[in-house]
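Open the model in your viewer and keep the selection tool at hand. We will go stop by stop.

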Amino acid sequence: MTDQRHHDLRHHGDAELGPGLVDLAVNVRAGTPPPWLRAVLHEALDSSTGYPDAGPARAAVAAAHHRDPAEVLLTAGAAETFVLLAHALTPRRAVMVHPSFTEPEAALRAAGHPVSRVVLRAEDGFRLDPAAVPDDADLVVVGNPTNPTSVLHPAADLVALARPGRMLVVDEAFADTVPGEPESLADRRDVPGLLVVRSLTKTWGLAGLRVGYALGPADLVAALAARQPHWPVSTPALAALVACTTAAARAEAALAAADLIDRCAALLDALPAGVTVQGRPRSSFVLLRVPGGQIVRQELRNRGWATRRGDTFPGLTSDHIRVAVRDEATSRAFAAALTDVLRTSASAGVAETSR
């Protein structure tokens with residue numbers, strides 16, 4: 001299935017925020033960065049008079065993923081990787097698997113590359129069918145778990161997309177929100193043309209720091225690095241990479257991912273009738289379909305809740321709303337507000353019909 005309609009690919013959840021609103025629009029874990037990471041960042045700031053030294057961070061990321069340091073690209077946020085790819089490659093047929101994070105397509109289009117879309121269907125649970133991707137695609141981009149559907153694709157289905165002459169880019173910005181990362185390809189060196197993109201933004205609350213990395217063949221990493229300016233990643237960001245790839249930090253992330261399962265279940269249990277959960281949520285957010293979603297989202301905002309609109313994602317509509325998973329009390333309060341909005345909207349509809 002393809003969808004070539006215009007979408008605002010540059011719209012992201014932070015645009016939904018505002019003073020006094022409870023943030024369910026951005027998928028950064030609440031209560032982060034933790035105190036020990038804040039201390040690391042403060043110390044790194046004191047050391048920022050000199051130019052950044054990326055060596056220790058590259059070595060730390062490589063060790064965490066059983067890679068050679070030459071296979072690690074450090075970036076100013078995961079999104080930078082997509083811009084580097086757009087300028088380093090000349091794909092004949094780039095394919096985006098949607099609904100998904102829109103920055104890869106935006107970067108490719110801005111660089112003048114035509115982009116085709118494979119749009120997954122709600123009726124199929126937004127699950128990936130490798131056969132849906134055209135055989136002649138020489139660049140394929142897919143998220144796992146996918147933003148905004150929260151669907152986790154089996155690693156075997158992703159590997160089935162790989163073949164000689166094709167680059168396969170897997171966006172794993174949310175991979176560490178899934179306990180054990182069972183479908184991650186980050187440690188795989190046997191998949192031809194594979195580039196895995198990762199981020200510290202979500203689990204560690206570092207969206208403003210802009211810190212991410214990519215893992216892939218050394219020659220591709222070198223080609224992408226050649227497009228970066230000198231010192232592309234700041235000293236505090238490099239310090240965060242070292243700190244967040246230690247065994248202790250990864251264990252803490254694993255605990256947070258395990259806790260997320262219960263929090264997600266609590267949110268789903270609290271949702272009112274008339275709201276449909278799309279796909280099987282496996283990450284730190286859920287995709288909802290709500291009748292009259294655009295009005296509902298505005299009414300939620302009027303009651304103090306910021307949620308992420310869905311119609312900027314190819315394959316979704318204005319009835320789709322993405323909601324971040326928070327603590328149980330916040331989820332119950334949100335569900336109560338949503339229930340009230342739906343009840344009020346239904347009452348208004350009945351009154352209008354009776355005129």
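The tour starts with confidence, then visits two residues and their surroundings.

**Whole chain.** This is a predicted model. Colour the protein chain by pLDDT: the mean is 95, and 96% of the residues reach 70 or more. Now select residues 350–355. Here pLDDT stays under 50.

**L9.** Select L9 next. Look for this residue in the segment before β1, the strand at 22–23. Is L9 buried or exposed? With a relative accessible area of 9%, L9 falls under the 20% cut-off, so the residue counts as buried. Show what surrounds L9. Leaving out residues up to four places away in sequence, L9 touches T102, E103, E105, A106, R109, R117, T312 and P314. Then draw a C-alpha to C-alpha distance from L9 to D124: it spans 24 Å. In sequence, L9 and D124 are 115 residues apart.

**R166.** Move to the loop between α5 (155–159) and β6 (167–171), where R166 is found. R166 is buried, yet has no salt bridge. Which side chain of opposite charge is nearest to R166? Select D135, which is 5.2 Å away.

Now pick the backbone oxygen of A137. A polar atom of the R166 side chain lies 2.8 Å from that oxygen. Finish by showing the other neighbours. Beyond four places in sequence, R166 touches residues including V133, P134, D138, L139 and V140. L161, P192 and G193 are also among the residues in contact with R166.

Key
Residues are numbered from 1 along each chain as its sequence is written. This is a predicted model: local features need pLDDT of at least 70, side-chain atom pairs count only at pLDDT 80 or more; totals for chains, interfaces and linings use all residues. Side-chain values use heavy atoms; hydrogens and water are left out. Helices (H or I, at least four residues) and strands (E, at least two) are DSSP runs, numbered from the N terminus. Buried means under 20% relative accessible area, exposed over 50%, partly exposed in between (1.4 Å probe, protein chains only). Contact means heavy atoms within 4.5 Å. pLDDT is the predictor's confidence in each residue, from 0 to 100. Lys and Arg count as positive and Asp and Glu as negative; His and the chain ends are not counted. A salt bridge is a side-chain nitrogen of Lys or Arg within 4 Å of a carboxyl oxygen of Asp or Glu. A polar contact is a pair of N or O atoms within 3.5 Å; within protein, one must be able to donate a hydrogen and the other to accept it, and residues adjacent in sequence count only if both atoms are side-chain atoms.
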